[in-house]
Amino acid sequence: MTINNEHIHDTNKKIHEEHAENFNALANRLTKQGHDVSNIVSKLSEFQVAIPSWALGAGGTRFGRFSFYGEPSNLEQKIEDIGVLHSLTQTAGAVSLHIPWDIPSDYAAIKEKAAALDIKFDAVNSNTFQDQKDAAETYKYGSLSNTSKAVRAQAIQHNLDVINIGNKLGSKALTVWLADGSCFPGQNNFQTAFQNTQDSLIDIYKGLPDDWSMLVEYKPYEPNFYSTVIQDWGASLMLANGCGDKAYTLVDLGHHLPNSNIEQIVSILQLKGKLGGFHFNDSKYGDDDLTVGSIKPYALFLIFNELVYGMQNNPQNPDLAWMIDASHNVKDPLEDLIQSLEAIQEAYAKALLIDQNALKAAQLDNDVVKCQEILQGAYRTDVRPLLEKARLNRGGAISPIDAYRSLDVRGQLIKERGKNTIATGL
Ligand code: PSV
Ligand code: MN
């Protein structure tokens, strides 16, 4: 299913007047406070987040999976779904593929389809956390860290194959996330596992094209529950530094132990020019992969404050590969992604409202109360009219969720694809 401008225009007509009133009132207020509203709106319009190819179907847990019907059953259909998201939100202009779940059968056709929908190919993800059909070696006891040279060689070759696939599509980054680790004390030698991982990553890095980057993701537990080889940003940074200038740390919001100060982590990584990628989701307990902003929106705002600061003050840090990495089994996956995209834009817009000069002055005065007032003043602003305007300027929907529902997108997808399709992924 594709959504055309006319569809969007029709749904916008009904709420355009209300939007214009809200936007004008907010824009006047912000202008009086000294903000450059059109600059904020254009920053929001430019901000694009990659959709992971595995989040377009219902997610599951180890206790079960409940299909949402009309799921995409091949890569073409996944790209079409992202096209729907992008038409409505105008902020989902990229896809992140997971290999081997999404190996294209016809590269030219996939590229053409994506280009027609204004979708770029962002970082490609390797998968050495599952055994592949007919693979000679098993990853049961690790991949890049494995004590067996043959297993490591297979995992290295897989990553090189993924680079090759991404290269044919126009991707510029490889994301490596390892499930490697141990479930019980004594199972692994920490030093051997770490050194093997470093050596394997260096072999992969040697195969990286000059204009590519390697993003090293960390995670403290799951599916290994005693130790993971790349458990935190420190381990990731050491491995990235051990590879070279094109290797960076990737932060996934769900990959931290409870109450970790994630904003401080992203801040320091940017100072060191080493934050390469970012995965959005939200969580109450662990790597819950819930809708962005559904549990801790203030924490997300504080993280965005640091990201904005870094984007404005750290030219040594590259542009980031932004991606949503969420999945669950109770919502329509497309509605869930629309909500995530909205939450990301909202946190970004609020962070753009922080008066950085005033904050700096208050910090120099050690005026702790003022610092908090500045942050919370920005956070408490209802910025949704700015988001609406940013979408409208690019031809998107004022209210993507309402448009999605009034166009009965899911109903159309079920008509086209049936009820029994299953999207590849976890
Ligand atoms: C692992 O939990 C992760 O965050 C990595 O990014 C994976 O590649 C992705 O989720 C999908 O399973
Ligand atoms: Mn992730």
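The crossing of helices α3 and α11 is right-handed, a term used when the near helix is turned clockwise from the far one by less than a right angle, anticlockwise being left-handed. This is a predicted model, in which local features need pLDDT of at least 70, side-chain atom pairs count only at pLDDT 80 or more, and totals for chains, interfaces and linings use all residues. Residues are numbered from 1 along each chain as its sequence is written, while chains are lettered from A and ligands numbered from 1 in the order in which they are written. Helices (H or I, at least four residues) and strands (E, at least two) are DSSP runs, numbered from the N terminus.

Two packed helices are described by the angle between their axes and the distance between the axes. For α3 (residues 37-46) and α11 (residues 333-352), the axes come within 10 Å and cross at roughly 150°; such axes are lines fitted to C-alpha atoms, for helices over the stretch in contact, with angles running from 0 to 180 degrees between N-to-C directions. On the α3 side the contact is made by Ile 40, Lys 43 and Leu 44, which meet Gln 345, Tyr 348, Ala 349 and Leu 352 of α11, contact being defined as C-beta atoms, placed from the backbone, lying within 7 Å. The residues of this contact divide into five nonpolar, one polar and one charged, where Ala, Val, Leu, Ile, Met, Phe, Trp, Tyr, Cys and Pro count as nonpolar, Asp, Glu, Lys and Arg as charged, and the others, Gly among them, as polar.

Strand β7 (residues 173-176) runs parallel to β9 (residues 213-217) over four bridges, and the bridge partner of Leu 174 in β9 is Met 214. β9 in turn pairs with β11 (residues 247-252), again in the parallel sense and over four bridges; here Met 214 stands opposite Ala 247, and Glu 217 has Leu 250 as its bridge partner. β11 continues the pattern by pairing with β12 in the parallel sense over four bridges, with Asp 252 opposite His 279. Finally, four bridges join β12 (residues 275-280) to β13 (residues 321-324), which also run parallel, and Phe 280 has Ile 324 as its bridge partner.

A residue is buried if 20 or more other C-beta atoms lie within 10 Å of its own, exposed if 12 or fewer, and partly exposed in between, the C-beta atoms being placed from the backbone. Because five of the five residues of β9 are buried, that strand is largely enclosed by the rest of the structure; Ser 213, Leu 215 and Glu 217 point one way from β9, and Met 214 and Val 216 the other way. β11 is likewise mostly covered, with six of its six residues buried, Ala 247, Thr 249 and Val 251 pointing one way and Tyr 248, Leu 250 and Asp 252 the other. In β13, Ala 321 and Met 323 point one way and Trp 322 and Ile 324 the other, and all are buried.

β11, helix α9 (residues 262-271) and β12 make a right-handed β-α-β unit, and so do β12, α10 and β13; a crossover is right-handed if, with the strands pointing away from the viewer, the path from the first strand over the helix to the second runs clockwise. Within α10 (residues 297-313) lies Ala 299, which is partly exposed because it has 18 other C-beta atoms within 10 Å.

Ile 51 belongs to strand β1 (residues 50-52) and counts as buried because it has 29 C-beta neighbours inside 10 Å.

The loops hold some backbone exceptions. Most residues other than glycine have a negative phi, and most peptide bonds are trans. In the loop between β9 and β10 (227-228) is Pro 223, and the peptide bond from Glu 222 to Pro 223 is cis, with omega near 5°. Glu 222 itself has a positive phi, near 85°, and counts as partly exposed because it has 13 C-beta neighbours inside 10 Å. Another cis bond runs from Ile 99 to Pro 100, with omega near 15°.

Technical notes: Two residues are in contact if their C-beta atoms, placed from the backbone, lie within 7 Å. Two strands pair if DSSP finds at least two bridges between them.
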